[in-house]
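Dear colleague,

Please find below the structure that I am handing over to you.

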Amino acid sequence: MRLETLTRVSLFVAMAVVIHFFESLITIPVAIPGFKLGLANIVGIFVLFYINYKEYCLVTFIRIFIVGLLFSGFGVGFLLSLSGGIFSFIITTLLYLIKKTSIFSVSVLSACFHALGQVCCYMLISMTTSIIIYYPFLAFLSMLSGLLLAFICKLVLDRMPKFKDTSKIKRKI
Amino acid sequence: MKDSIKAKKLNDRTKFNFFDLFFILGACLFVVSILVFTLINFNTTVSGMAYVEIRYYTNIIYKQPLYVEYDPLIIEKKDGINGNLEKNITGIGKEFDFVGERVAIKIKDNTIQVVEEQSEYNICSFQGVVKNANYPIICLPNHLEVIIKNENPDAPDN
């Protein structure tokens, strides 16, 4: 890995972890357990559309591990967010590689599949199928918040200058 | 020239287009179909052979016919370590490690209800009375699931 990539990824991961911490201070008056706005995914979606999907993968999974290390520990919560992360990473990468979809559908479907991953993981942990009743409500709210995140990310992306990969510039030493 | 094409592509991908509508509608359809599936399968009326099942993690701690009434059935910590169902229960109920403090479940008139529990948002007590089969009351902080199940009508007599 290039030094530039390493620095960039670590800065984005730090940003995502800080946003995740501030999100935990916000309480949402919705009686659906497990529902979160997922503000930390703004950084992920931004990296995906500003740089590429490899760095999106790095930022998402390193963030999940660091959040587990710092705040929630490697328990059920970590497994839930990891499975959600894997599901949403798969669908996000597929949609990103189609090239015709925009940031809105990527973010909304990512939120939808994140909820699906979490519900499937909880079904495996607790061996109950009845938890799937929560899925439609969870997914619908997640998709609304995904739309909101996409809108915020669009505002940021429209104002950014074009990305220049400085690691590909040859320098004279 | 090449840079300008790339910049144009980035701008295109921040605009809502037809493909987004297609994919988002597909996702909505998926969610709605799961909702319909769950409403059909998990919200059925109670039959005469219905029983109440209480599960703690993956263990069934209580399984009795619905006409056995409790007002309330108390699950609580005893002697600091073990959880215990009330003494007068003669079912599958047995000692188990219970993490919660005290949960009271009311089984009366073919309905179930969580009357009392300690948790952050008290979601399962807000859920109130449940009179349909296959519609669970789930209390995640206490790892409890209370559900009415219909006896399988296709099963041979027992």
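In this predicted model, the largest nonpolar core holds 55 residues, and those touching the most other members are Phe12(A), Phe49(A), Val59(A), Ile103(A) and Tyr135(A). Two or more residues each come from helices H1 (3-25), H2 (41-50), H3 (53-72), H4, H5 (103-126) and H6 (134-159) of chain A, and also from helix H2 (18-41) of chain B. H5(A) supplies the largest share of this core, with 11 residues. As general background, nonpolar side chains tend to be buried together in soluble globular proteins.

Apart from neighbours within four places in sequence, Phe12(A) is in contact with Val43(A), Phe46(A), Val47(A), Ile51(A) and Val59(A). A second, separate core has 24 residues, including Val103(B), Ile107(B), Val114(B) and Ala133(B).

The next topic is the interface. Chain A contributes 37 residues to the contact and chain B contributes 32. Between them the two chains bury about 3100 Å², of which 74% lies on carbon and sulfur atoms. The count of salt bridges between chain B and chain A is 0, while 6 residue pairs are in polar contact across this interface. On the side of chain B that touches chain A, helices H1 (2-12) and H2 of chain B each give two or more residues; H2(B) gives the most, with 11 residues.

Lastly, helix H4 of chain A (residues 76-98) has 23 residues and reaches 34 Å from its first C-alpha to its last, close to the expected 33 Å. Just after H4(A), Lys99(A) takes a positive phi of about 75 degrees.

Yours sincerely

Definitions and conventions: Residues numbered from 1 in each chain as written. Chains lettered and ligands numbered in written order. Predicted model: local features only at pLDDT ≥ 70, side-chain atom pairs only at ≥ 80, totals over all residues. Heavy atoms only, no water. Helix = DSSP H or I, 4+ residues; strand = E, 2+ residues; numbered from the N terminus. Expected span 1.5 Å × (residues − 1). Core = buried A, V, L, I, M, F, W, Y, C linked by side-chain atoms within 4.5 Å. Buried < 20%, exposed > 50% of the residue type's maximum accessible area, 1.4 Å probe, protein only. Contact = heavy atoms within 4.5 Å. Buried area = accessible area lost by both parts, 1.4 Å probe. Salt bridge = Lys/Arg side-chain N within 4 Å of Asp/Glu carboxyl O. Polar contact = N/O pair within 3.5 Å; in protein donor to acceptor, adjacent residues only side chain to side chain.
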